[in-house]
Amino acid sequence: MRLRAIMAVAAAFSLTAATAPADPKDPKNPTCPFSPNWSTNRQMQFTVKVIDGAHVLTGEGAIDNGLLPRLQQALKSDPDISEIWLRSPGGIAAVGNAAGTFIRKNYPTMITRIPAGWTCFSACNFMFMGGRARIVDPGGVFMVHMFTQVADREGVKADIQDDPDGAVDMIGEIEQDAALLASDDNDFLIRMGISRKLLTEIMYRQKALEGTGADKSTRRCLTQEEMTRYGVTNAS
């Protein structure tokens, strides 16, 4: 019964993707939609729904420091939840990793899904990876980027001009933080059973900030073939 319900949900969302009008592409990030549907909620909101007999937990919005307790409470509220559907612009990287680890450790049969038309970006990627079975429906968007510790390029330039010695210390701290984050990401992917080539061939090849040349892309949306090749998805 549970399997039939899950298959019915997947079929319904695949049909939605096939009939919905195509979202125009982002000219700066041509693999991605121009207007990603990743929710404007300032913190991820969880809702339990019963869809075609399957108990589904939807998570929509940004990943903030308070996410993990809300996720735990939502999952405890219904022991029959079999899937988590995600729609998020990302947020705090460490919390995304922690949420993915929590899902895998405590709900080892949980399915994570990005439904047709929904986008999962940045820290959401790592929360999604926590599912033992991972599905991105046709029309769903798994969007990645190169992590960065430097979001304000002009601010960094000003700091260098005003305090060269302090800027050297700041750069050293950025390098150390980036190395630690890269190590954490590698470790996480190994534990989730996902190829580390996702990092070396896709994520780490994206620019952290928009450049001044012809290529201004900073984001990458994986194809269905790429998601299968790197182990991002492992079910259908």
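**Disulfides in context**

Of the protein's 236 residues, 44% count as buried. Buried means under 20% relative accessible area, exposed means over 50%, and partly exposed lies in between (1.4 Å probe, protein chains only). This is a predicted model, so local features need pLDDT of at least 70 and side-chain atom pairs count only at pLDDT 80 or more, while totals for chains, interfaces and linings use all residues. Residues are numbered from 1 along each chain as its sequence is written, and side-chain values use heavy atoms, with hydrogens and water left out.

Confidence comes next. The average pLDDT is 82, and 72% of the residues score at least 70. The score is the predictor's confidence in each residue, from 0 to 100. Over residues 14-20 it is below 50, and that stretch has four contacts in the model beyond near neighbours in sequence. It also stays under 50 over residues 149-160, where the model has 15 contacts beyond four places in sequence. A contact means heavy atoms within 4.5 Å.

The fold has eight helices and eight strands. Both are DSSP runs numbered from the N terminus: helices are H or I with at least four residues, strands are E with at least two. Of the contacts with a separation of 6 or more, 68% come from residues 24 or more positions apart. The protein exposes about 12100 Å², with 55% supplied by carbon and sulfur atoms. That area comes from the Shrake-Rupley method with a 1.4 Å probe; for residues, only the protein chains shown count as cover.

Now the links themselves. The structure holds two disulfides. Each is a pair of cysteine sulfur atoms within 2.5 Å. Such a link is a covalent bond between the sulfur atoms of two cysteines. With the bonded cysteines numbered in sequence order, the pairing is 1-4, 2-3.

One link joins Cys32 to Cys221, S to S 2.2 Å. It ties distant parts of the chain, 189 residues apart. Cys32 sits in the loop between helix 1 (2-19) and strand 1 (45-51), and Cys221 belongs to strand 8 (residues 219-221). The torsion about the S-S bond is about 115°, so this disulfide is right-handed. Both Cys32 and Cys221 are buried.

The other link joins Cys120 to Cys124, S to S 2.0 Å. Its S-S torsion is -115°, and the link is left-handed. Cys120 has a relative accessible area of 0%, so it counts as buried. Cys124 is also buried, with a value of 0%.

Ser217 lies in the loop between helix 7 (197-202) and strand 8. Its relative accessible area is 13%, so it counts as buried. Beyond four places in sequence, Ser217 contacts Lys28, Asn29 and Lys207.

The Arg134 side chain reaches the backbone oxygen of Gly131 at 2.9 Å. Its contacts beyond four places in sequence include Arg104, Thr112, Phe128, Met192, Ile194, Val232 and Asn234. The C-alpha atoms of Arg134 and Ser236 are 8.1 Å apart, though 102 residues separate them along the chain.

Definitions and conventions
Polar contact = N/O pair within 3.5 Å; in protein donor to acceptor, adjacent residues only side chain to side chain.
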